[in-house]
Amino acid sequence: MDALGMTKNKLDRILVVSPYPPLRDGIATYAAAEVRALLVAGHHVEVVSPRPSAAHHVADPGRLDGATTILRLARKFDRVIIQVFPEFLFAGASSRADSYGALGALIAMTRMVPVDLRVHELDYSSLATTRVRQRLMRQLLRSSSTRSVHTRAEQVDLESFIGTDVPIDVVEHGRYFASASTLTRAAARREIGVDDERTIFLSIGFLQHHKGFDRGIRAFAGVQSDTAELHVVGDVRVDHPHLLDHADELADLAARVDRATLHRGYLGDGAFDSWILASDVVVLPYREIWSSGVVERARLHKIPIIASDVGGLAEQLPEGSILVRSDEELGHAMAGLAGTTWKRPNAGYEHARTIEDVQKAISTAGRGGVSRPRKVTRVASLVPAVADSPKPLLGPIKRLVSKATAWQIRPVIDHVNGLRSDLDALANQVEDGSGPHEGRP
């Protein structure tokens, strides 16, 4: 067998359990690439997806009825491949009992047919809150034929969860990726409408807070260049109020920063690769990630990458990439690749606030005077609570309440985050000794 459990020189009947195109999902894209590779190799492949798509079957593995359907289908196959990530296995369940039953059915399947788990992400903290689910998930992982992750960092995390006595394979994230565009850089730029003489920074993917695209826009505001541009390209994955609010915030922020543009819309594979081909640098300022499919697509087209040092990205990035650990490092990296310098943007450039607000923030931060550089406690940004619930009736009610009260709550959150941004800028000045000092705001 090879590293993923495939029997060499043997054509198998394979059932793939995964989200699938045209669903807007990075795992769906990954699964489609793997299915294509398996078909090219001559295997018979069928796909089961939780929602109607181009898949052959529809069944949600996170629900008992869906998992039992998959269990029945599996009897006809030589091998089952499951793409694993938390939302796929747990979001669809109507109750804890439903989720437990689904995991039990999947465990039973491992005893009747070889099951390969492609572990893209696991939320260990969430699993730890429910001991039964934690035990069942651990048993599913241990009883499968193979388990694979994309980086050594993920392998270490998974080993700490299931033990080191069962093998965990590390498989390159882009193993099955192929270019979806044959355009040259110049043709790609003509297609999407960007100037061939500009330095194009690109952040691309679903618009979610953990992707950190807002960090990239703020850092780009300090790049001292009239010929560099930042393009943020993508859309929300699902029409959830929290995601829609974040997309609106990104649009507002981009509108406040010169030469930064948000292109809102979902891209097919060809258009996605055209944007990457047209760029000079791909910028991925993630707050949280395990591994990145965008890294692999940029790598495929040999486009330089700037990325946050989170998850397993340090292992995944190709040689010559720049790894950053702060917003300031991000700004300097962008400026360096644009052939210019970076200057910290003025505090509050991304928020519309009164001068009284700014003066109050300065006064509060500088009260008592500062005689020497010191460490300042920083406060995390506020984000709206996710209005969702696994219970079938409670979720819609929560979302309705969230929409009805957003006009009251959203301004408060924005105002507090605006003050936090000002204080962060002031804290940076205090720590490096440049101010604020008594009598000099």
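**Exercise 1.** Is E87 buried, partly exposed or exposed?

*Solution.* Start with the classes: buried means under 20% relative accessible area, exposed over 50%, and partly exposed in between (1.4 Å probe, protein chains only). E87 has a relative accessible area of 41%, so E87 is partly exposed.

The model is predicted: local features need pLDDT of at least 70, side-chain atom pairs count only at pLDDT 80 or more, and totals for chains, interfaces and linings use all residues. Residues are numbered from 1 along each chain as its sequence is written, and side-chain values use heavy atoms, with hydrogens and water left out.

**Exercise 2.** Place E87 in the chain.

*Solution.* E87 belongs to helix α3, residues 86-90. Helices (H or I, at least four residues) and strands (E, at least two) are DSSP runs, numbered from the N terminus. G62 lies 25 residues from E87 along the chain, and their C-alpha atoms are 8.6 Å apart.

**Exercise 3.** Describe the open sheet that contains β8.

*Solution.* First, the order: 6 strands run β10-β9-β8-β11-β12-β13, with parallel pairing. Two strands pair if DSSP finds at least two bridges between them. Next, the edges: β10 (260-264) and β13 (322-324) each pair on one side only. From one strand to the next, the twist averages 20°.

**Exercise 4.** What share of the 441 residues of the protein chain counts as buried?

*Solution.* The buried share is 49%. The protein chain has 16 helices and 13 strands.

Definitions and conventions. Axes are lines fitted to C-alpha atoms, for helices over the stretch in contact, and angles run from 0 to 180 degrees between N-to-C directions.
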